[in-house]
Amino acid sequence: MRYVTEFQDPELARGLVEDIRAAVTRPWALMEVCGGQTHTIIRHGIDQLLPEGVELIHGPGCPVCVTPLEVIDKALAIASRPGVIFCSFGDMLRVPGTDRDLFRVRGEGGDVRVVYSPLDALRIARDHPDREVVFFGIGFETTAPPNAMAVHQARRQGVRNFSTLISHVRVPPAIEAIMTSPDCRVQGFLAAGHVCSVMGTGEYPELAEKHRVPIVVTGFEPLDILEGVRRTVRQLERGEHTVDNAYPRAVPPGGNPAARAMLEDVFEVTDRAWRGIGVIPRSGWRLSPRYRDQDAEHRFDVTGIDTREPAECRSGEVLQGLLKPNECGAFGTVCTPRTPLGATMVSSEGACAAYYLYRRLGAPAPGAPAPAPVPSAVPSSAVPTPVEANPVG
Amino acid sequence: MADTVLPQAGPVDPSGWTCPLPLRDHPRVVMGHGGGGALSAELVENVFLPAFGDGPVLAALGDSAVLDPGGARIAFSTDSFVVRPLFFPGGSIGDLAVNGTVNDLAMSGARAAWLSCAAILEEGVETALVARVAEAMGTAARRAGVQVVTGDTKVVEAGHGDGVYLNTAGIGLIPPGVDIRPQRARPGDTVLVSGEIGLHGVAIMSVREGLEFGVEIESDCAALGTLVDAMLAVTPDLHVLRDPTRGGLAASLHEIASAAGVGVTLQESAVPVPPPVANACAVLGLDPFYVANEGKLVAFVPREHTDAVLAAMRAHPLGAAAAVIGECVADHPGMVVARTAFGGTRVVDLPIGEQLPRIC
């Protein structure tokens, strides 16, 4: 595939690794923001190629993992209702809610359907005017525009039986929260390329300057990751902290103006809870007031749900880069993809799933001691929330 | 006694009648087709028998087929097929139902000889569609050199099935000196695959979900009996054969590693993945190692026979792209580990269920 296979060339990778080795004079800790990048790193063993001292820390950029348990439980409640067709991206179906997942709801007779696009859900609504069709709209700046488009089109086409359960999150406030944490070890960021393909790079210079941290926009193939590491390390070694676009084949500086216009039309910025982390100010989107009647939370009564996170899950620390998945005592023992405690073990972009799927040989033996839990990386002022009130998931 | 009042003679409208009715040209399956009466017999006589051929064993139409294996070792297998859609690029549920069981037998080194066919039909499905499925089964059976010798038909109420479900059971004969089973995997064996992986699963996904990947991807659905014959002609000492269907290459290798208590090490770049499959998987966030195949096999072969077996596979049309993809090792028993093109390693785990397309 053009623009993909060229970026998987082992020979070129060796050259990049040599460059990184030549540049490094002391240890550096870099965070890859996106779960897709984490999976590329672990699946291809990129972290094993890097010189000792260059550490990759896994960030919070898995849309499935950070969707709050409360929202998952609301999804389960809505999907269980007679007359509802509940549409979702595939990898949300296995994410555990408090006592079940969407697969279980389907097995119990709920009409839960996997779609590849929110516009498919809109088509289902048009085809079933006698049913309520709900789309589960989660994710970062990447999935928000098509979800906004579905809402916009439903309004335009007069499809009244279509609504969305929205839990969208934004990357820059998460970076801000990580950098202001007293436990933060991150010295450079590999920013998520597909997020920037929508939003451009304009949100990052202020963050880079404020926290004196290099931010390199990075793609998802092995060479993209290595190039992102090389550019970040070079900046760190030179004492620089600028925003650099290492993914120009997909990311124009201004992003995608049409997609951003759609976001502005349909959504408004709001404080948003992140599963396992807590509420981060201005870190999410919700439907703007003029689209409120297409908000599934308004259309269905989903209050009074008893949400309970498993106490032993430490995925919040994993999402903040404070803990490697295989350093968790539950990893690979009580917590596996078959019996997940948290979404990071079940999501296809989750860091725990990546370690379990690809890196179990290096895992500690069952029962090996795990590091003590560390406090949340998010400033305490940011987390007086229902999610914080519950143990992390 | 009053005279019986006969109904007025007039034109007969059979459309409102219910089963059982001896209607030869019933356009749709009705419950009576599964009632064991005349309609059932008509379905067998007009649809299944012509498709499967008129061999003497099937023509006897007994409750069971009486077979005379002549003292040979027998392999016996059964499988059910619930694929949707019923027809897809490169095959149909009929092809799968024959080839699937033929291949299950072949993975024991057995040459399939006889098949049963049980059809579960949904009320309302078009008889012509059933005939197309049956015809596909007959064609596949003749191609695989196997006879369908017994069968059964049931009909379930509309809404309780998916058009056509098929079950096939098969009996095959194992040649003397052949002992092929997962437990025989040994450290030192080489691991071979007979060709490009992932074609069936991606073909099904593309038609089921209406996804287009630029080129039409056809299922690799095929009967592997003759390929296994060619391999056994080189050496009867094949240790393990497996057709990596649901769960794909990853599940098959994992099952073998677990059964034998050995490890498997793969060279990821040696596994043949056709570019259209790689591209489709990249778009959907799937791993081709976990995508289903229907015309491929994995073989664990003693190292000293590897070159000869590989040559025999490549000389066969179904093994033209055969490759050595790894080896059986004593390390990490029960686990499959892939060496990446970049020199790293990753665990290739057993899939939990179906792979799910990722969000972005």
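Guide: A polar contact is a pair of N or O atoms within 3.5 Å; within protein, one must be able to donate a hydrogen and the other to accept it, and residues adjacent in sequence count only if both atoms are side-chain atoms. This is a predicted model, in which local features need pLDDT of at least 70 and side-chain atom pairs count only at pLDDT 80 or more, while totals for chains, interfaces and linings use all residues. Residues are numbered from 1 along each chain as its sequence is written, chains are lettered from A and ligands numbered from 1 in the order in which they are written, and side-chain values use heavy atoms, leaving out hydrogens and water.

Visitor: Which residue caps the N-terminal end of α1(A)?

Guide: Helix α1 of chain A spans residues 10–23 (helices are DSSP runs of H or I, at least four residues, and strands runs of E, at least two, numbered from the N terminus). A side-chain oxygen lies 2.7 Å from the backbone nitrogen of A:Glu11, and the residue that supplies this oxygen as the cap is A:Asp9.

Visitor: Is A:His44 buried or exposed?

Guide: A:His44 lies in helix α2 (residues 35–44) of chain A. Beyond its neighbours within four places in sequence, A:His44 is in contact (heavy atoms within 4.5 Å) with A:His39, A:Pro222, B:Thr340, B:Phe342 and B:Gly344. Its relative accessibility is 13%, so A:His44 counts as buried.

Visitor: Which backbone oxygen does the side chain of A:Arg275 reach?

Guide: A:Arg275 sits in the loop between β10 and β11 of chain A. With 1% relative accessibility, A:Arg275 counts as buried. At 3.5 Å, its side chain reaches the backbone oxygen of A:Pro96.

Visitor: Which are the edge strands of the open sheet in chain B?

Guide: The sheet holds 7 strands with mixed pairing, in the order β8-β10-β7-β11-β9-β12-β13 (two strands pair if DSSP finds at least two bridges between them). The strands that each pair on one side only are β8 (240–242) and β13 (345–348).

Visitor: How many bridges join strand β9 to strand β11 of chain B?

Guide: Strands β9 (residues 263–267) and β11 (residues 323–329) run antiparallel. Across this pair, B:Leu266 stands opposite B:Gly326. The number of bridges joining the two strands is 4.

Visitor: Which side chain is joined to that of B:Arg303 by a polar contact of 3.2 Å?

Guide: B:Arg303 lies in the loop between β10 and α9 of chain B, and is partly exposed with a relative accessible area of 47%. The backbone oxygen of B:Gly188 lies 3.4 Å from a polar atom of its side chain. At 3.2 Å, the partner side chain is that of B:Glu327.

Visitor: What percentage of the residues of chain B count as buried?

Guide: Chain B contains 9 helices and 13 strands. Among its contacts with a separation of 6 or more, 84% come from residues 24 or more positions apart. Of its 360 residues, the share that counts as buried is 52%.

How values were computed. Expected span 1.5 Å × (residues − 1). Buried < 20%, exposed > 50% of the residue type's maximum accessible area, 1.4 Å probe, protein only.
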